[in-house]
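Subject: Structure for you to look at

Hello,

Here is the structure I promised. Please open it and keep it on screen while you read my notes below.

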Amino acid sequence: MDVPPASTPVVCDMTTAHGTAQQRLDEYRRLFARHLVGRERTGQGIRFRLRAEPGVEPWVRDLAAREKACCAFFAFDITLGGGQVLWDCAVSDDDTARAILEEYYLLPDTAPQGPDELTGRLAGKGLRFVAGPAVEG
């Protein structure tokens, strides 16, 4: 996994994102509710384990690419193993980035709470946001 350098800004830039924060959270909620088998912390970061049902791997790859586009301090690696899609996530060597990774680990539990609460928690941990008009998609 190609983890970004510590100098990478810990910023969430949704100015070119397709959809809204609520739509993104809804997508995570659906993905985790239907396909999450488990999650664990790894030596580099965290791993989500999802059922490798038809369409799940491309969905995870697309979602990871969109996350990387708005949060450059993240690194993702998606592989298949044991009938599961393994989604490994890591961040740059930065205290704020590690705190955000912990929130990402908790996302299966917190996604249903909505974007305002999540944004508040992330901002409280030091994540800076660049907001702009989202492109509906």
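Gly-81 has its bridge partner in strand 5: Gln-84. Keep in mind that this is a predicted model. Strand 4 and strand 5 make a hairpin, with two residues between them. Look at Gly-82 in that turn: its phi is positive, about 60°. Eight bridges link strand 4 to strand 5 (residues 84-91), and the two run antiparallel.

Strand 5 has another partner. Six bridges join strand 3 to strand 5, again antiparallel.

Four strands form an open sheet, in the order 2-3-5-4, with antiparallel pairing. Strand 2 (36-41) and strand 4 (74-81) stand at the edges. Each has a single partner strand, so one side of each lacks a neighbour in the sheet. From one strand to the next, the twist averages 15°.

Next, the helices. Helix 2 (residues 56-70) lies across strand 3 (46-51), strand 4 and strand 5. Helix 2 runs at about 170° to strand 4. Helix 3 (residues 95-110) packs on the sheet too, touching strands 2, 3, 4 and 5. The direction of helix 3 makes about 155° with that of strand 2.

Is strand 5 buried or exposed? Eight of its eight residues are buried, so strand 5 is largely enclosed by the rest of the structure. In a regular strand, side chains alternate between the two faces of the sheet. In strand 5 both faces are covered. Gln-84, Leu-86, Asp-88 and Ala-90 are buried on one side. Val-85, Trp-87, Cys-89 and Val-91 are buried on the other.

Best wishes

Technical notes:
Residues numbered from 1 in each chain as written. Predicted model: local features only at pLDDT ≥ 70, side-chain atom pairs only at ≥ 80, totals over all residues. Heavy atoms only, no water. Pairing = 2+ DSSP bridges. Axes fitted to C-alpha atoms, helices over the stretch in contact; angles between N-to-C directions. Contact = heavy atoms within 4.5 Å. Buried < 20%, exposed > 50% of the residue type's maximum accessible area, 1.4 Å probe, protein only.
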